[in-house]
Each structure stands twice: as C-alpha cells, then as structure tokens.
Amino acid sequence: MKMIQKRLRSLAEKLNLKKQKKGYEKQVPIPSKHFPVYVGDQELEENLKRYDVPVACTSSIIFQALLRQFDDILAVDEGPITLSCSKQMFESVLKLSLDGLRIEEVKKLTDFHH
C-alpha cells in the first residue's frame, strides 16, 4: 500500500511538471495536493473526464484497489493517469475514499480529546 502511495505522489509531482511542459492542461490548473485522473474511453479523448483527486485518497484501500486494476498501465505510461472505467464507478470509488478520509479525520479528533 505504501509503495502505491509513494508512486502516486511521485507521479503526481512529475505530472504537474510534464503537463506544463507538454501542454496537456489547457483547462483549469491542478489544485495543490491533488493529481489529475482522466476517466472514460481512452480511444475517444473527448469522452474523457478529468477529476482532480486529493493525494490523500491514495491511502484509501478502495482507491488503491481501483488503481491496482490498472497497475501495468500506470507503471509505463508517461502521460496523465487515464483509467478505462466508467465515470460512475470512478465517482463511487472517489466518494467512498473521501468519506473514509473524513471518518478518519473525525476519529483523530475524538481520540485527541480523550
């Protein structure tokens, strides 16, 4: 798990630099502590939707499981992270990941007060 997190953080940093150099990003800049993920049919670029994913999501087990499905692509791809899955599936995984992060934050706060 930690290896995937480390690789994604490194990849996110590299992508920020590559996107500026290669001009991938013609849209809104990537927010701080986020990395872009393009989701949809890779054959039809106009069908790809960009999601700005918080780097913290890489600690989510469900998000890691999704990325493992595309591990061979992520290991060799030089461009932005592109996943050939449905947008609905990605949004569900992202929502569960973000919900999990919020729950962990609440647990930390409540543990702090005891």
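A residue is called buried when its relative accessible area is under 20%. In the predicted model described here, F90 has a relative accessible area of 0%, so F90 is buried. Across the chain of 114 residues, buried residues make up 35%.

The secondary structure consists of four helices and three strands. In sequence order these elements follow the pattern α-β-β-α-α-β-α. Among contacts in the chain with a separation of 6 or more, 56% are made by residues 24 or more positions apart. The chain exposes about 7700 Å², of which carbon and sulfur atoms supply 58%.

Aromatic rings were examined next. The model contains three aromatic pairs. In one of them, the ring centres of Y51 and F90 are 4.8 Å apart and the planes meet at 50°, so this pair is tilted. Because Y51 belongs to strand β2 and F90 to helix α4, the pair ties together parts that are 39 residues apart in sequence. Y51 has a relative accessible area of 9% and is therefore buried, and F90, as stated above, is buried at 0%. F90 also pairs with F63, here in an edge-to-face arrangement with 6.1 Å from centre to centre and 65° between the planes. This second pair again links distant parts of the chain, since F63 lies in helix α2 and F90 in helix α4, 27 residues apart. Both F63 and F90 are buried. Taken together, ring pairs join F35, Y51, F63 and F90 into a cluster.

Helix α2, which holds F63, spans residues 61-68, and its buried residues are F63, Q64, L66 and L67. Viewed down the axis of α2, these buried residues fall within an arc of 160°, so they line one face of the helix.

Charged side chains form a further set of contacts. Side chains of opposite charge can pair when their charged atoms come close. Four salt bridges are found in the whole structure. One of them joins K49 to E91, with the closest N and O atoms 3.5 Å apart. This pair links distant parts of the chain, with K49 in strand β2 and E91 in helix α4 (residues 87-112), 42 residues apart. K49 has a relative accessibility of 37% and so counts as partly exposed. E91, at 36%, likewise counts as partly exposed.

Two other salt bridges share D99. K95 pairs with D99, the closest N and O atoms being 2.8 Å apart. The two residues both lie in helix α4, four residues apart, which is about one turn of the helix. R102 also forms a salt bridge with D99, at 3.1 Å between the closest N and O atoms. Because R102 and D99 are three residues apart in helix α4, about one helical turn separates them. An α-helix has 3.6 residues a turn, so residues three or four places apart point the same way.

With a relative accessible area of 15%, R50 is buried, because the cut-off for burial is 20%. The side chain of R50 makes a polar contact with the side chain of D52, at 2.8 Å. A polar atom of the R50 side chain also lies 3.5 Å from the backbone oxygen of P29.

One residue was noted for its backbone geometry. Most residues other than glycine have a negative phi. K33, although not a glycine, has a positive phi of about 65°. K33 is located in the loop between α1 (2-22) and β1 (34-39). Its relative accessibility is 70%, and K33 therefore counts as exposed.

Definitions and conventions:
Residues numbered from 1 in each chain as written. Predicted model: local features only at pLDDT ≥ 70, side-chain atom pairs only at ≥ 80, totals over all residues. Heavy atoms only, no water. Buried < 20%, exposed > 50% of the residue type's maximum accessible area, 1.4 Å probe, protein only. Polar contact = N/O pair within 3.5 Å; in protein donor to acceptor, adjacent residues only side chain to side chain. Salt bridge = Lys/Arg side-chain N within 4 Å of Asp/Glu carboxyl O. Contact = heavy atoms within 4.5 Å. Areas by Shrake-Rupley, 256 points an atom, 1.4 Å probe, with all protein chains shown as cover. Arc of directions from axis to C-beta. Phe/Tyr/Trp six-rings, centres within 6.5 Å; stacked < 30°, edge-to-face > 60°.
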